[in-house]
Structure formats: C-alpha cells, structure tokens
Amino acid sequence: MQRAIITGATGAIGTALINKLIEEKKEVLVFCRKDSKRASQIPDHPLVTIKYCALDELEKVENDTGKTYDTFYHFAWDGTFGADRNDMHRQNLNVKYALDAVAAAKRFGCKTFIGAGSQAEYGRSDDKLSAKTAAFPENGYGIAKLCAGQLTRVYAEQLGIKHIWVRILSVYGPRDGANTMVSSSIQKFKSGQSAQFTKGEQLWDYLYSGDAAKAFALLGDKGKDGKVYVLGSGKERPLKDYIEDIAEVVNPQAEIQFGAVPYSDKQVMRLCADISELTADTGWKPETDFKQGIKNILKTL
C-alpha cells in the first residue's frame with residue numbers, strides 16, 4: 001500500500017492512522033466535511049491532502065487527483081452517541097453511505113475496502129468476541145453496522161474489491177470524543193469534580209488508539225479478503241480498575257462514587273476481543289499499557 005483514503009479521520013483512530021501512515025511514508029487523502037469543527041485535528045503534513053466530501057456526497061465524489069489509491073478506510077458514521085443510536089432513519093442512511101463509500105473506493109482505484117464495524121453488532125454476549133460469535137445487536141446503531149458490514153462485503157465482491165470488516169471494541173486516545181468514559185473521566189478528575197459511575201463490575205477491553213492504528217495499517221497490507229476481525233487488546237479487566245487507573249494518573253485525590261449510577265436495562269457486562277486471527281494474519285499485537293495511554297492523552301490536552 002502506497003496511498004490510502006480515509007473517511008472519518010478526525011477521531012482518535014483516524015488521526016492515529018494518518019500519523020502511522022505518514023510514519024510509513026504513505027500518501028493519505030482525507031475525505032472531510034467542509035464545515036467539520038474537528039478538521040483542525042487532521043495532521044498537517046505534505047503527505048496528507050484534504051478533499052471536502054461529506055457522507056451524503058460520497059455517491060458523487062469523483063477522482064480528480066490524477067492518482068490511483070490502494071486502500072479505502074471508512075470510519076465516518078453519523079449518530080454514534082445517545083439517542084441518535086436509535087434514530088432508525090439516520091442509521092439506515094449510514095448503510096447507504098457505506099455502500100457509497102465502496103463505490104467511491106472503486107472510482108479512486110482502490111483494491112481494498114476496510115470498514116469500521118462495532119462491538120454493538122454483538123449486543124450482549126458472555127463469550128470472548130470473534131468473527132464466529134453470534135451477532136444479536138440491540139439498537140439501531142448495532143443493527144446498521146452489522147448490515148453495513150454484510151452489504152458492503154457483497155458489493156465489494158461485485159466490484160472486484162477486497163473487503164475487510166473490523167469490529168472495534170473500546171478504543172481510547174488523543175482526540176477522542178468528549179462523551180466517552182475515558183475522556184469524560186479525565187475531565188472530571190482534572191477539574192476536581194466528584195465523579196459518579198456504575199459499580200464498575202463490567203469486564204472490559206480497552207485498546208490505545210495508536211495500537212489500533214497499527215492494526216489498521218497492517219490490515220491494509222495483510223488483511224484477508226472477506227474476513228471479519230475483532231479489534232481490542234484481547235485482555236479484560238473490571239471497568240472499576242480502569243477508572244481507578246485514570247484517577248491515579250490524573251488526580252489521585254479524586255472523589256469517585258461507584259454505584260451512584262444504575263446499570264442500563266441492556267448493560268453489556270463482558271466485552272473482550274479474541275485477537276488470535278488478527279495476530280495470525282498480520283503479526284499485530286497491542287503494545288501500550290493503559291496508564292501510559294492516559295499519560296499520552298494528557299500530553300495533548
């Protein structure tokens with residue numbers, strides 16, 4: 001892979017992937033909404049070019065770059081938090097946009113399409129998550145992600161493009177969204193606010209964004225056509241332990257109230273990736289300790 005296209009490049013994984021591809025001296029074309037408030041987070045580098053293209057413009061975007069690209073990474077998705085996850089019309093549009101992204105990949109000469117799936121595709125499961133784990137999504141977001149993965153695979157096959165779908169678990173890192181558990185906890189602990197959580201008994205799997213970026217870069221070169229990979233650290237710990245680690249790094253005197261927030265009706269109590277297939281196909285393994293990842297975030301704030 002010498003050139004890549006990335007949608008949804010302003011988040012934790014997207015920006016980390018751009019930096020990884022720059023490190024590997026690969027050209028990156030970023031599709032970004034013209035009015036994006038986070039466009040400034042896209043790394044400024046001679047190897048990076050921004051092409052203004054919103055999700056609803058993917059079906060018409062043409063290759064006017066004079067270049068042919070190798071891999072298309074589709075991270076962009078509308079409605080990822082809160083009530084928007086069950087806005088069925090919005091989620092249904094995301095499936096269309098994913099199909100539009102495959103068609104755009106073809107027009108730009110890409111041989112590989114890599115889509116960003118989600119842990120939400122599984123719903124609740126007591127098993128370590130792999131491609132073989134039964135998927136029973138319980139909200140519109142998860143249903144749409146599952147549908148997008150399946151439909152884009154068939155469409156990519158029709159267009160002669162290699163297809164890879166990556167179900168991402170909990171990734172954290174610099175430039176992450178403000179509403180995630182890690183980001184919101186850091187802000188609360190920094191400000192000295194009393195922070196309220198559930199009991200924190202959930203067994204969770206967190207992966208640093210830089211490690212996630214390395215996985216995506218390797219998949220661009222070594223991923224197998226038609227495969228679904230699950231991306232996480234492959235290790236699980238009680239959520240309470242992660243929260244206490246964040247407090248220890250940010251503010252050891254922080255007041256933490258475990259059990260102050262009730263579990264949701266459909267609370268996921270176990271989340272852990274089986275990364276054996278990802279490691280076997282690419283050689284990838286996570287490297288960054290959770291506390292070190294938090295320290296890395298603090299350096300960017």
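1. Phe72 is buried, at 0% relative accessibility. Bear in mind that this is a predicted model. Phe113 also counts as buried, at 0% relative accessibility.

2. The structure holds 16 aromatic pairs. Phe72 and Phe113 make a stacked one. Their ring centres are 5.9 Å apart, with 20° between the planes. That angle counts as stacked because the cut-off is under 30 degrees. Phe72 belongs to strand 4 (residues 71–74) and Phe113 to strand 5 (residues 112–118), so the pair ties together parts that are 41 residues apart in sequence.

3. Next, Tyr73 and Phe216. These two form an edge-to-face aromatic pair, 6.2 Å centre to centre and with 75° between the planes. Tyr73 sits in strand 4, and Phe216 in helix 5 (residues 209–222). The pair links distant parts of the chain, 143 residues apart. Tyr73 is buried, with a relative accessible area of 0%. Phe216 is buried too, with a relative accessible area of 0%.

4. Two charged ends sit over rings. Lys145 places its charged end over the ring of Trp77, 4.0 Å from the ring centre.

5. Now Ser233. This residue is in the loop between strand 11 (227–231) and strand 12 (237–238). Is Ser233 buried or exposed? Its relative accessible area is 13%, so Ser233 is buried; the cut-off for buried is under 20%. A polar atom of the Ser233 side chain lies 3.1 Å from the backbone nitrogen of Lys235. Setting aside residues up to four places away in sequence, Ser233 touches Asp205, Tyr206, Leu207, Ile275 and Pro286.

6. Thr282 lies in helix 7 (residues 276–282). Thr282 is buried, with a relative accessible area of 5%. Its side chain reaches the backbone nitrogen of Trp284 at 3.1 Å. Neighbours within four places in sequence aside, Thr282 is in contact with Leu218, Leu219 and Lys222. Helix 5 covers residues 209–222.

7. One spacing to check on screen: Thr282 to Tyr172. How far apart are Thr282 and Tyr172 in space, C-alpha to C-alpha? The distance is 22 Å, and the two are 110 residues apart in sequence.

Notes: Residues numbered from 1 in each chain as written. Predicted model: local features only at pLDDT ≥ 70, side-chain atom pairs only at ≥ 80, totals over all residues. Heavy atoms only, no water. Helix = DSSP H or I, 4+ residues; strand = E, 2+ residues; numbered from the N terminus. Buried < 20%, exposed > 50% of the residue type's maximum accessible area, 1.4 Å probe, protein only. Polar contact = N/O pair within 3.5 Å; in protein donor to acceptor, adjacent residues only side chain to side chain. Contact = heavy atoms within 4.5 Å. Phe/Tyr/Trp six-rings, centres within 6.5 Å; stacked < 30°, edge-to-face > 60°. Lys NZ or Arg CZ within 6 Å of the ring centre and 35° of its normal.
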